[in-house]
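Let's take a friendly walk through a protein model. Have a look at the picture first, and then we will visit a few of its parts.

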Amino acid sequence: MLKKLLGVSALTLAIASTHAQADKIVFAIGGTPNSLQGQTAQEFADRLQDRLGDNHQVEYYHSGQLGDERQLVQKLRLGTVDLAGISSIMSSVSPEFALFDMPFLVKDRDHLRRIDREIVMQDLAESAGEQGLNIISTWENGFRHITNNERPINEPADLEGLKIRTPQSEWRTLMFDTWGANPTPMAFSEVFVGLQTGVVDGQENPLSNINGAKFQEVQDYLSLSNHVYSPIWLTAGKGGWEQLSEDVRAAITAVAIETQDWALAKGAELDNSLLEAMRNDGMEVNRVDRDAFVEASNPVYAEFAEKVDGGQELVDRAMALAEE
Ligand code: EAX
C-alpha cells in the first residue's frame, strides 16, 4: 500500500515537473538573435516580461535551441513550449497558409497589413485553430531573396540544375521546382554547413536571416527577387493557451500586437541597411527579371487553386487588397 502511494506521488511529481510551470512562459524561435525574427522575439520577450512583472518568468530560446520549427509545432501541441514563432512551415499545418507561397503576391507592407487583418486573422487563424494552434499575431520574417555560389540569377532559366535549400514546406519546393531548380528542403540550422560544404548551391531567405546566419561568408551571389513575403506567426498551442490565466493571455496578446508595428518598421529599415552590408561583405548583387519570374509562376497559383479548398477565392481576395 505504501509502495503504491509512493508510486502515485512520484508519478504526480514527474507529471508536474514536465509541464511548463504556471509562472514560466516558454517561448522559442528557429532563427538567430541577429535576424529580424530574433530581434523581434527579444523585443517581445522583454516587453512581456515588463508587463507581467516578477510573478512570471519569460524564458526565451532562439536558434532552434528547443528544436527546428517543425519540432516547435509539436511542442506547442504537447504544451512543453507555450509560444513559438512559426514561419514557412505553417503551410504544412494547414494548407491555406500557402497563400504566402504564391510568388509576388504581397506588394508591400501596407498590403501585408490588409491581408493580415482581412484574411490571416479571420480565415487562416480559424483553420490553424482547427489544427490545435492559436495564431496570436503576424510578425515579419521578411521579403525573400535568392543566394547561390554559381551565378547571378536573372531569370528562372538561371536556376536550372542548382540545388537550392528551401524550408520544409512542400509549396516552397514546388515553387523552385516550377522555376527549374532542384529544391532541397532542410532545417534552417543546417543551412550554413550545407552551403559551406556544397551539399546545396544556394538558398532563399530575407536579408536579415542571411546576415543573421552569416550566409554571405559562404555565398557569392545575392539576387534580389522578393519572390515571397514570409511572415512569422506568434503561435500558441490551444491546450497550453487555455491553461494560462486570462490576465497572462491578455498581456501576451496586447504585447504581441504592439510588437507587430515594431517588427514591420524594423523590417523596412533592415531591407535598406543590410543591402549595403551585403555588398560590403563582398556579395555580387543583382535584381531578378521580375516579369520573367511572374510569368513562370502560373503553375504554382494553379496548383493552389486546385489543391486547397477555397484557394482561388483566397488569392482573389488577397489581390483585391493590393490597392486601397
Ligand atoms: O528561422 O527556414 C527558413 O528559411 C525560415 O526563414 C526560418 O524562419 C528561419
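## Before we start

Axes are lines fitted to C-alpha atoms, for helices over the stretch in contact, and angles run from 0 to 180 degrees between N-to-C directions. Helices (H or I, at least four residues) and strands (E, at least two) are DSSP runs, numbered from the N terminus.

This is a predicted model, in which local features need pLDDT of at least 70 and side-chain atom pairs count only at pLDDT 80 or more, while totals for chains, interfaces and linings use all residues. Residues are numbered from 1 along each chain as its sequence is written, and side-chain values use heavy atoms, with hydrogens and water left out.

## Two helix pairs

Find α5 and helix α10 (residues 246-280): their axes come within 11 Å and cross at roughly 155 degrees. Angles under 35 degrees count as roughly parallel, over 145 as roughly antiparallel, 65 to 115 as roughly perpendicular and the rest as oblique. α5 and α10 are therefore roughly antiparallel to each other. In contact terms (heavy atoms within 4.5 Å), Arg-109, Leu-112, Arg-113 and Asp-116 of α5 meet residues of α10 including Gln-260, Asp-261 and Leu-264.

Now turn to helix α12 (residues 298-307) and helix α13 (residues 311-320), which pack at about 125 degrees with their axes 6 Å apart. That angle is why α12 and α13 are oblique to each other. Here Tyr-301, Phe-304 and Ala-305 of α12 meet residues of α13, among them Leu-314, Val-315 and Met-319.

## A strand inside

How many residues of strand β9 (residues 229-237) are buried? Nine of the nine are, so β9 is largely enclosed by the rest of the structure. Buried means under 20% relative accessible area, exposed over 50%, and partly exposed in between (1.4 Å probe, protein chains only).

β9 also has partners, and two strands pair if DSSP finds at least two bridges between them. Strand β3 (residues 83-86) runs antiparallel to β9 and is joined to it by four bridges; Leu-83 stands opposite Ala-236 there. Strand β4 (residues 133-148) is also antiparallel to β9, with nine bridges, and Glu-140 has Pro-231 as its bridge partner.

## Two loop residues

Ser-63 has a phi near 55 degrees, a positive value in a residue other than glycine. Ser-63 sits in the loop between β2 (57-61) and α3 (69-78), and is partly exposed at 31% relative accessible area.

Phe-104 also has a positive phi, near 65 degrees. Its place is the loop between α4 (90-93) and α5 (109-130), and at 11% relative accessibility Phe-104 counts as buried.
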